[in-house]
Amino acid sequence: MTTVLAIETSCDETAVAIVNNREVYSSIIASQIPVHQQYGGVVPEVASRQHLETINQAIAQALEQAKLDWDKIDGIAATCAPGLVGALLVGLTAAKTLAMVHNKPFLGVHHLEGHIYATYLSEPSLNPPFLSLLVSGGHTSLIYVKDCGIHETLGQTRDDAAGEAFDKVARLLKLGYPGGPVIDKLAQQGDPQAFVLPEGKVSLPSGGFHRYDASFSGLKTAVLRLVQQLEKDGKQVPVKDVAASFQDTVARSLTKRAIACALDYGLDTIAVGGGVAANSGLRKNLQAAATEHNLRVLFPPLKFCTDNAAMIGCAAAEHLSSGHTSPLTLGVESRLAL
Ligand code: KG4
Ligand code: ZN
């Protein structure tokens, strides 16, 4: 068993966790959302400063909550990519310093790998191979997880990520930031069939459409046009129905692609990860389709869908158990393929 102290500072959450393989001993998430809300989105410079102010306290809290001393920690990990460079640097530098001072192995973790392994935190029986549907604010991908750290991307969005679409639609409906949770809440009180919206499709040069790739920018534009038309006609925008129709379109698009991919590749398990994995419409839609096709679909606990350090610790424990470590010269990358 491997006990890891993990740090995640890729965007707007200062998170520190201690995990023992798939068991979470402590998970601290100091959210910056209220700070960024006033700007309508994440301001990178503000995020870095907030991480600096919060990180030491979050580390101390994680150790206190886990009731552990340093001698019980087997390794230190931090997200090294992708993300905001200044924000990543705070967490990575803190982790490298702790590894040096306490003479522990160090590991840099890819943020998306954290989201993939978040499902492990509630599923002791999940092991590769499986299909990961990764739906966050920056990424939307279908990933064939073959083994620890061995992945193949089979499909992705050609434009906006699913979470980004939620955030943009929320902004145009004047619902604030972040958009996913508020749209999800309103959608549950609206009619998903109130408006027919286009599910973005990616054309193939040979004709027909790509089975796994998605597109959400056309859908976002369609919502904008719908709202503009309603306003032009002097009608009140039925926000709950627009939210429900939009959410249902995203959920159906993701479900259709994930199911096709799993069936084509003979994978019987779909593990969903990333902030949009918290979405009630996606959960319902995908679960129903998976049951129909005799597939298993797994979601992380809600608190581990959005950014957290427990998922980074879980991915790190997998790697450290396999003997993987990173050099202390490791740097951060704003963009890095999985
Ligand atoms: O994984 P995450 O915390 O950060 C990234 O790595 O991007 O994902 C954040 C994204 C945001 O776009 C947010 O609006 C979306 O996840 N999100 C949701 C929900 N909760 C968060 N989208 C739809 N429904 C939700 N319940
Ligand atoms: Zn994330």
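**From the fold to the details**

The protein has ten helices and ten strands; helices (H or I, at least four residues) and strands (E, at least two) are DSSP runs, numbered from the N terminus. Bear in mind that this is a predicted model, where local features need pLDDT of at least 70, side-chain atom pairs count only at pLDDT 80 or more, and totals for chains, interfaces and linings use all residues. As for labels, residues are numbered from 1 along each chain as its sequence is written, while chains are lettered from A and ligands numbered from 1 in the order in which they are written.

Start with the overall dimensions. The C-alpha trace spans about 65 × 45 × 35 Å along its principal axes. The radius of gyration is 20 Å, which agrees with the value near 20 Å for a compact globule of 338 residues; it is taken over C-alpha atoms, and the globule rule is 2.2 Å times the number of residues to the power 0.38. Of the 338 residues, 52% are buried. Here a residue is buried if 20 or more other C-beta atoms lie within 10 Å of its own, exposed if 12 or fewer, and partly exposed in between, with C-beta atoms placed from the backbone. Among contacts with a separation of 6 or more, 74% are between residues 24 or more positions apart; two residues are in contact if their C-beta atoms, placed from the backbone, lie within 7 Å.

Now zoom in on Ala87, in helix α3 (residues 85–102). Why does Ala87 count as buried? Because Ala87 has 30 C-beta neighbours inside 10 Å. Leaving aside residues up to four places away in sequence, Ala87 touches Thr9, Ser10, Cys11, Pro44, Ala47, Ser48 and His51. Take Ser48 from that list: Ser48 and Ala87 are 39 residues apart along the chain, yet their C-alpha atoms are separated by 4.4 Å.

That brings us to a helix pair. Two packed helices are described by the angle between their axes and the distance between the axes. Helix α2 (residues 44–66) packs on α3 at an angle of about 20°, with the axes 8 Å apart. So α2 is roughly parallel to α3, a label for angles under 35 degrees. Axes are lines fitted to C-alpha atoms, for helices over the stretch in contact, and angles run from 0 to 180 degrees between N-to-C directions. On the α2 side, Pro44, Glu45, Ala47, Ser48, His51, Leu52, Ile55 and Ile59 meet Gly86, Ala87, Val90, Gly91 and Ala94 of α3. The residues of this contact divide into eight nonpolar, four polar and one charged, where Ala, Val, Leu, Ile, Met, Phe, Trp, Tyr, Cys and Pro count as nonpolar, Asp, Glu, Lys and Arg as charged, and the others, Gly among them, as polar.

Finally, check the loops. Another cis bond joins Pro128 and Pro129, with omega about 5°; Pro129 lies in the loop between α4 (111–117) and β6 (130–135).

Two non-glycine residues with positive phi are worth a look too. Asn21, with phi near 50°, is in the loop between β2 (13–20) and β3 (23–31). Asn21 is partly exposed, because 17 other C-beta atoms lie within 10 Å. Asn294 has phi near 60° and is found in the loop between α9 (280–292) and β10 (296–298). With 8 other C-beta atoms within 10 Å, Asn294 is exposed.

Note on methods. Parallel < 35°, antiparallel > 145°, perpendicular 65-115°, else oblique.
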